[in-house]
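Here is a friendly walk through one structure, from its helix packing to a few local details. Have the sequence and the 3D view open as you read.

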Amino acid sequence: MRISSHFQPNVAPAYIFISLLHVRQAMKGITDADILNYALTLEHLEDKFYRDGLSNFTQADFAAAGFDATFYNNLKMVSSDETTHVSFLTAALKKAGATPVSECTYAFGVTDVKTFLATASILEGVGVSAYLGAAADIMSKTYLTAAGSILTVESRHSAYLRSNLDLSPFPSPFDSPLSLNEVFTLAAPFIKSCPSSSPALPLKAFPTLTASPENPKNITSGTEITLLTPGYTLKAADGQSPIFAAFITVTGPVFTVATPVDGGFSLTVPTAPEGTAPVAGQSYVVLTGCNETVSDDTVAAGPAIVEIA
């Protein structure tokens, strides 16, 4: 089956046919150095994000937004952790004889303390899913242990931020793993340019998928939501085959039919089968023409991030 994406840029529209067996980077060619540089790419982003945020917003700004000095000082510790992660991964790559990627230029779209903290919470959650998803591809036990030790710290960051934003600090008994390309899809909108001296990584971004701002504030299983496909339309090439929304969990994707609407798709948040990981907390959903599996071979768009109570 094939999926057609009709992009609508500022120039003449182009038609792109995306096969569900589209060419992707062969995972067997990815080395431990690639994975460490992938992790370093994310850590650079988080490190710069916190440094910018704590430079742009003072303790008084946080107080005015309802956050006390203890919280502000803990954020500085979170920022320090991310800087340490950058230093550690950079040193590990150099020790292994690999060239570490450098910090890029970013645009975070943060305008106040509220948006800063909301973005921080999302980034920490993505970080957890990134390390969890990459773990299976790390061959070195030493690197695997080191990555695991960073994952647990990212998880504590996430729980702390969620708790202070009146979200459940542990909304699910399981975290959700994401593939390298799924994570890069979420990170790419923040990255505006990178130094030419940085090594090219075997990563690609899928078409953007976002949760509609008009979705209900309290989303649970059974809630109808809309996912947006900004700047393009997505449909089966035969015009008839269904498109599915797949919610990613550690025990496998949970599928639901995605119905085309103006600007995207509507769907009902599914309930995970009994005995599997629930669809809860910071959840990730992709669009696909396959309702049997989710991989970089079958993702047509996304992931989008949806907070599910």
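Contact here means heavy atoms within 4.5 Å. Helices (H or I, at least four residues) and strands (E, at least two) are DSSP runs, numbered from the N terminus. This is a predicted model, in which local features need pLDDT of at least 70 and side-chain atom pairs count only at pLDDT 80 or more, while totals for chains, interfaces and linings use all residues. Residues are numbered from 1 along each chain as its sequence is written, and side-chain values use heavy atoms, with hydrogens and water left out.

**Helix packing**

Let us begin with α3 and α5. Residues Thr 70, Phe 71, Asn 74, Leu 75, Val 78, Asp 81, Glu 82, His 85, Phe 88, Leu 89 and Ala 92 of α3 touch Tyr 143, Ala 146, Ile 150, Val 153, Glu 154, His 157, Tyr 160, Leu 161 and Asn 164 of α5. Sorted by class, this contact holds 12 nonpolar, 5 polar and 3 charged residues. For these classes, Ala, Val, Leu, Ile, Met, Phe, Trp, Tyr, Cys and Pro count as nonpolar, Asp, Glu, Lys and Arg as charged, and the others, Gly among them, as polar.

Two packed helices are described by the angle between their axes and the distance between the axes. The axes are lines fitted to C-alpha atoms, for helices over the stretch in contact, and the angles run from 0 to 180 degrees between N-to-C directions.

| Helix pair | Angle | Axis distance |
|---|---|---|
| α3 (residues 69-95) and α5 (residues 141-164) | about 160° | 11 Å |
| α3 and α4 (residues 113-134) | roughly 40° | within 14 Å |
| α1 (residues 32-56) and α5 | roughly 25° | within 12 Å |

The helices α3 and α4 are oblique to each other, whereas α1 and α5 are roughly parallel.

A crossing is left-handed if the near helix is turned anticlockwise from the far one by less than a right angle, and right-handed if clockwise. The crossing of α3 with α5 is left-handed, α3 passes α4 in a left-handed crossing, and the crossing of α1 and α5 is left-handed too.

Where α3 meets α4, Phe 71, Leu 75, Val 78, Glu 82 and Leu 89 of α3 contact Phe 116, Leu 117, Glu 124 and Tyr 131 of α4. That contact has 7 nonpolar, no polar and 2 charged residues. Between α1 and α5, the contact brings Asp 32, Leu 36, Glu 43, Glu 46 and Tyr 50 of α1 to Tyr 143, Ile 150, Glu 154 and Leu 161 of α5. Its residues divide into 5 nonpolar, no polar and 4 charged.

**Two buried residues in helices**

Relative accessible area under 20% means buried, over 50% exposed, and in between partly exposed (1.4 Å probe, protein chains only). Leu 45, found in α1, is buried at 3%. Leaving aside neighbours within four places in sequence, Leu 45 contacts Tyr 106, Phe 108, Leu 123, Ala 187, Phe 190 and Ile 191. Leu 45 and Leu 123 are 78 residues apart along the chain, with their C-alpha atoms 9.1 Å apart.

Ala 146, in α5, is buried at 16%. From Ala 146 to Leu 89 the C-alpha distance is 9.3 Å, across 57 residues of sequence.

**The disulfide**

How many disulfides does a search of the whole structure find? There is 1, with a disulfide taken as a pair of cysteine sulfur atoms within 2.5 Å. The partners are Cys 104 and Cys 194, whose sulfur atoms are 2.0 Å apart. The torsion about their S-S bond is about 100°, so the disulfide is right-handed. Cys 104 lies in the loop between α3 and β3 (105-106) and Cys 194 in the loop between β4 (191-193) and β5 (210-211), so the pair ties together parts 90 residues apart in sequence. Cys 104 is buried at 11% relative accessibility, while Cys 194 is partly exposed at 42%.

**Backbone details**

The peptide bond from Gly 302 to Pro 303 is cis, with omega near 15°, and Pro 303 sits in strand β12 (residues 299-308). Asp 166 is not a glycine, yet has a positive phi of about 60°. Asp 166 belongs to the loop between α5 and α6 (180-187) and is exposed, at 74% relative accessibility.

Conventions:
Parallel < 35°, antiparallel > 145°, perpendicular 65-115°, else oblique.
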